[in-house]
Amino acid sequence: MSGVQSLTVAQADGDQRLDRWFRRQFPHIPQGRIEKMCRKGEIRIDGARAKPATRIEAGQTIRIPPLPDEAAPDTFAPPPRIAEADAQMMRDAVLWRDDHLIVLNKPAGLPTQGGSGHSRHVDGLAEALCFDLPEKPRLVHRLDKDTSGVLLLARTRAAADALTKAFRARDTRKIYWAVTAGVPQPRMGTIRYGLVKAPGHGKGGEGEKMQIVAPKDVDTTEGAKHAHTDYAVLSALGTRTAWVALVPITGRTHQLRAHMAAIGHPVVGDGKYGGSGQENLGDGWGAQLGGEISRKLHLHARSITMTHPVTGKRLSFTAPLPDHMQRTWDQLEWRAADVPADPFEDPV
């Protein structure tokens, strides 16, 4: 059993719910126990009582009450039972694993973490990925619920610490593929709009949405943060739609979706930022293209390049497209073999 601790929220860990931050720091503590500690006032932010859904910011001090040792049996609640179908789904999603990390191809529609009514998520189902180690793999970054693709999990605390530092230092490179309404012009560029969070409508903050802030106004807008996205058009169907590669230089909430909508080319199927009821007739706006293509978000974390947290070897992992996006690629006759793995690299 540990004593009372005071932890400072790191720069890279701000702008998230208190319970999500807590679970990343102490993955062996269940959600129910976190909620109980908040109700009793045992978890505090800068000395003040807080709710599980309270948004934390970098530099704040979080009071942590005494907790059981990670190696000790969980005295708060029995481990959740995972349906065999879910366990098999998680194991089938593994792209690569060793003693230190696991690389998943996260299915579209599966949240990375719990909250806002989500009881089935990667973090909870990660119990199925222990394999030969006693510890549950830890999340080191996130993907939106409806975004598919490469997701890293650390199998040890040391690996988690190293990978978290690598993300903070931007030593990892992530490339996303998207289908957009219309064709961005120029066909390669950089988006630098800042982002600020608009509160959601639910009592737990559900439905939150990022709003665009002009770069010159970011420093004077409360809560706004600089954001930077590189994009490159890989192929296009006239002026109606495009296959676009995206690199998030910063890692803000909903950054890619908000940035593409801001330049008039929202991601197809994005009802939050693209306007699900707006039909796109060409050259941008409206996330609807008609038929099956518009029914699901077309955003996929295609690849990640990173330094192994233990061996130091540089590694790259690529995730196949989810079924709904592969059908779109087939319909539009787009082929992965026809485009470079990293279109932003200078040709040798």
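Trainee: How many cavities of 30 Å³ or more does the count come to?
Mentor: Two cavities of 30 Å³ or more. A cavity here is a set of points, on a 1 Å grid over the protein atoms alone, where a 1.4 Å probe fits but cannot get out. Grid points are joined across faces, edges and corners, and a volume is the space filled by probe spheres set on the points. Before we go on: this is a predicted model, where local features need pLDDT of at least 70, side-chain atom pairs count only at pLDDT 80 or more, and totals for chains, interfaces and linings use all residues. Residues are numbered from 1 along each chain as its sequence is written, and side-chain values use heavy atoms, with hydrogens and water left out.

Trainee: OK, and what lines the largest cavity?
Mentor: Its lining is Arg23, Arg24, Pro27, Gln113, Asp123, Arg138 and Leu139, where a lining residue has an atom within 4 Å of a point. Helix H1 (18-25) and strand E9 (138-139) are the elements that give two or more residues to that lining. Helices (H or I, at least four residues) and strands (E, at least two) are DSSP runs, numbered from the N terminus. The space in there is about 60 Å³.

Trainee: And by class, what does that lining have?
Mentor: Four charged residues, two nonpolar and one polar. Asp, Glu, Lys and Arg count as charged; Ala, Val, Leu, Ile, Met, Phe, Trp, Tyr, Cys and Pro as nonpolar; the others, Gly among them, as polar.

Trainee: You mentioned H1. Which strands does H1 lie across?
Mentor: H1 lies across E1, E3 and strand E6 (61-64), at about 65° to E6. That angle is between N-to-C directions, on a scale from 0 to 180 degrees, with axes as lines fitted to C-alpha atoms, for helices over the stretch in contact (heavy atoms within 4.5 Å).

Trainee: What order do the strands have in that open sheet?
Mentor: E1-E6-E3-E4, four strands with antiparallel pairing. Strands E1 (5-8) and E4 (48-49) are the edges, each pairing on one side only. Pairing needs at least two bridges found by DSSP. E3 (residues 44-45) and E4 have two bridges, and Ile45 stands opposite Ala48 in E4.

Trainee: Switching topic: why is H6 largely enclosed by the rest of the structure?
Mentor: Because seven of the eight residues of helix H6 (residues 255-262) are buried, meaning under 20% relative accessible area with a 1.4 Å probe and protein chains only. Among them are Arg257, His259 and Met260. Just after H6, Gly264 takes a positive phi of about 85°.

Trainee: Is E17 mostly covered or mostly open?
Mentor: Mostly covered: seven of the nine residues of strand E17 (residues 299-307) are buried.

Trainee: So what does E17 pair with, say in the parallel sense?
Mentor: Strand E10 (residues 148-154), over two bridges, with Ser148 opposite His300. Strand E11 (residues 173-181) runs antiparallel to E17 with six bridges, and Lys174 has Ile304 as its bridge partner there. Strand E18 (residues 314-318) is also antiparallel to E17, over five bridges, with Met306 opposite Leu315.

Trainee: Which residue takes a positive phi in the hairpin of E17 and E18?
Mentor: Gly312, near 80°, in a hairpin with six residues between the strands.

Trainee: Last one: how many helices and strands does the protein have?
Mentor: Eight helices and 18 strands, and buried residues make up 49% of the 348 residues.

Note on methods: 1 Å grid on protein atoms, 1.4 Å probe; cavity = no way out; pocket = protein on both sides within 12 Å on 5 of 7 lines; lining within 4 Å. Buried < 20%, exposed > 50% of the residue type's maximum accessible area, 1.4 Å probe, protein only.
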